[in-house]
Amino acid sequence: MYEVEVKVPADIETVAERLDELGAEKVDTVVQTDTYYDAPHRNFVETDEAFRVRRETRKGETNAKVTYKGPLLEAESKSREEFETGVENGDDIDAIVQRLGFEPAATVRKNRRVYKVREYDVTLDAVDGVGEFVEVEGETDGDIEPVREGAYEVLRDLCLNPDEQERTSYLGMLLSDANE
């Protein structure tokens, strides 16, 4: 499965109003805390991969997931292979991966509001230390281009410009800001 994601900086309150005008379905509100790890056997910055443990808090309950993201597949979007699975205990998986030699690289925390527009998830993100963004995401097991073009159409429906796309991950932005 491939995740096709297009992300642009935006005032998320203005976009929320536009989503309401379009009759979009509000699906979820969640706080995500992502701990990204460096691998002992290769440099994820060089290979353009990511490995993280995500904690999601909804209505006072926290669940955890482990995610691997492969390198970008194209320059026109943030499309990549992704594998994700739930884990029973986020602290235990953190301990396991650290015992295997993975080291925490950084933590990204974001408040997300998720909407459904056609077959796309539209996420309004307020990311600590980084800013506000809108992500439009779809999935495919085949051709990326039609899913990407559909994401661009959703952005235009939200009065946003796909040409303003930010291809750097939140982790990359956070680390870049920390190094300045």
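The structure is a predicted model, in which local features need pLDDT of at least 70 and side-chain atom pairs count only at pLDDT 80 or more, while totals for chains, interfaces and linings use all residues. Residues are numbered from 1 along each chain as its sequence is written, and side-chain values use heavy atoms, with hydrogens and water left out.

**Threonine 35**
- Threonine 35 belongs to strand S2, residues 25-38, where strands (E, at least two residues) are DSSP runs numbered from the N terminus, as are helices (H or I, at least four).
- With a relative accessible area of 11%, threonine 35 is buried, a term that means under 20% relative accessible area with a 1.4 Å probe and protein chains only.
- Beyond its neighbours within four places in sequence, threonine 35 is in contact with residues including Phe51, Arg52 and Pro104, contact being heavy atoms within 4.5 Å.

**Aromatic rings**
- The whole structure holds 4 aromatic pairs, counted for rings of Phe, Tyr and Trp (its six-membered ring) with centres within 6.5 Å, where planes under 30 degrees apart are stacked, over 60 edge-to-face and the rest tilted.
- Phenylalanine 51 and phenylalanine 102 form a tilted pair, at 5.3 Å centre to centre and 50° between the planes.
- This pair links distant parts of the chain, 51 residues apart, with phenylalanine 51 in strand S3 and phenylalanine 102 in the loop between helix H3 and strand S6.
- Both phenylalanine 51 and phenylalanine 102 are buried, and Tyr37, Phe51 and Phe102 form one aromatic cluster.

**Charge over a ring**
- The charged end of lysine 7 sits over the ring of tyrosine 170, 4.1 Å from its centre, the criterion being NZ of Lys or CZ of Arg within 6 Å of the ring centre and within 35 degrees of the ring normal.

Technical notes
Buried means under 20% relative accessible area, exposed over 50%, partly exposed in between (1.4 Å probe, protein chains only).
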